[in-house]
Amino acid sequence: MAHATIYVGCTVPQLLRGAQSRIFPSHSALGVLRHSALCYCTGNGTIKSKRKMDHLERTANNFRQEVITQAKVCGITNESETVKRLRLAIANKDFSFKAGQWVDFFIPGVSVVGGFSICSSPGLLEREGILELAVKHTVHPPAHWIHTECTLDSEVALRVGADLHGYQEGKGNRHKLGTAKLYYSAKNTSELLFKKNILGLMKAFPGKITCCFHVTQQRSQICKELQPHITEGRISEKDLEKHVSNDTSWYICGPPPMIESISKLLTNIGVPRNCVFFEKWW
């Protein structure tokens, strides 16, 4: 039986990685996403304010690979005014990851360890030995270092976290290809990261991957390529209620207030709590 998946959020790497790796939201693939995610996914619940913990402290109970791998920065791109895409050359041929994982990010001379989602596919690593991260500028020391001090040939170290440890897909089961609908919100179109990649996926998989971009503070004219897919204003109950069904799973990605708001909205329109998943380890 085919399943549908709705992604609601302010960041989209899991959709890109999943599509590039041919992981679509069929029944078995949903099992992969639920047990991995670029974070540790959990059922919807109340997000309580607490002391801001360090990345390693927040993820202390998450499975990690034992090996720490050296990497060298081979590319730095401004994806937007606030986000840099980091390309890392991995020399270790045994290094690997699965779609949906994140890395501990070790920087020489910086005592704080970063935790960043991988925004490239495992296929890119296999073909070119390259892994990519998308990092938003904050005062957090690892992110601040990437935006202010990192240069080409800077050397760092990585360790893969949230591995799909012990998970095996059911063999011999055949499932129809599901669909994925992405609702992606940002301040303006310049902050819609990977929009060209997403448009490319929509063209490559018509009817299977669709996206509605939302902008909340757009000041300039929207380019013709994006216009058919843009809605001005926040993601609303009206946008989402049409997708409610027993065969739909919902994945939310974004800052805590946004996740809390969308979680409540989904509850209001009758989405069961066990069908909603979101990031936990920010």
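Buried here means under 20% relative accessible area, exposed means over 50%, and anything in between is partly exposed, with a 1.4 Å probe and only the protein chains counted. The model is a predicted one, so local features need pLDDT of at least 70 and side-chain atom pairs count only at pLDDT 80 or more, while totals for chains, interfaces and linings use all residues. Residues are numbered from 1 along each chain as its sequence is written, and side-chain values use heavy atoms, with hydrogens and water left out.

Taken as a whole, the protein has 282 residues, and buried ones make up 51% of them. Its secondary structure comes to 8 helices and 13 strands; these are DSSP runs numbered from the N terminus, H or I with at least four residues for helices and E with at least two for strands. A contact is a case of heavy atoms within 4.5 Å. Among contacts with a separation of 6 or more, 74% join residues 24 or more positions apart. As for surface, the protein exposes about 14500 Å², and carbon and sulfur atoms supply 50% of that. Those areas come from the Shrake-Rupley method with a 1.4 Å probe, and for residues only the protein chains shown count as cover.

Next, the sheet. Six strands form an open sheet, in the order S6-S5-S8-S3-S4-S7, with antiparallel pairing. Two strands count as paired if DSSP finds at least two bridges between them. In general, strands of a sheet pair through backbone hydrogen bonds, either parallel or antiparallel. S6 and S7 are the edge strands here, each pairing on one side only. From one strand to the next the twist averages 40°; the axes behind such angles are lines fitted to C-alpha atoms, for helices over the stretch in contact, and the angles run from 0 to 180 degrees between N-to-C directions. At the S7 end, S4 and S7 run antiparallel and are joined by 7 bridges, and Val83 stands opposite Lys136 in S7.

Helix H5 lies across S4, S5, S6, S7 and S8, and runs at about 85° to S6. The helix spans residues 141–148, and its buried residues are Pro142, Ala143, Trp145, Ile146 and His147. What covers them includes strands S4 (83–90), S5 (102–107), S6 (110–117), S7 (130–136) and S8 (155–161).

Aromatic rings turn up at this helix–sheet contact too. Rings of Phe, Tyr and Trp (its six-membered ring) pair if their centres lie within 6.5 Å; planes under 30 degrees apart count as stacked, over 60 as edge-to-face, and the rest as tilted. By this rule there are 4 aromatic pairs. One of them, Phe105 with Phe116, is edge-to-face, at 5.4 Å centre to centre and 70° between the planes. Phe105 lies in strand S5 and Phe116 in strand S6, so this pair ties together parts 11 residues apart in sequence. Phe105 is buried at a relative accessible area of 0%, and Phe116 is buried as well, at 9%. Phe105 also pairs with Trp145, this time tilted, at 6.5 Å centre to centre and 55° between the planes. That pair links distant parts of the chain, with Phe105 in strand S5 and Trp145 in helix H5, 40 residues apart. Trp145 is itself buried, with a relative accessible area of 9%. Phe105, Phe116 and Trp145 form one aromatic cluster.

A ring of another kind of interest belongs to Tyr183: the charged end of Lys181 sits over it, 5.4 Å from its centre. The criterion is NZ of Lys or CZ of Arg within 6 Å of the ring centre and within 35 degrees of the ring normal.

Leaving aside residues up to four places away in sequence, Leu265 touches Ile235, Ser236, Glu237 and Leu240.

Finally, a look at backbone torsions. Most residues other than glycine have a negative phi, and most peptide bonds are trans. Asp153, although not a glycine, has a positive phi of about 80°. Asp153 lies in the loop between H5 and S8 and counts as exposed, at 54% relative accessibility. Phe194 also has a positive phi, near 60°. Phe194 sits in the loop between strand S9 (179–186) and helix H6 (195–204), but counts as buried at 5% relative accessibility.
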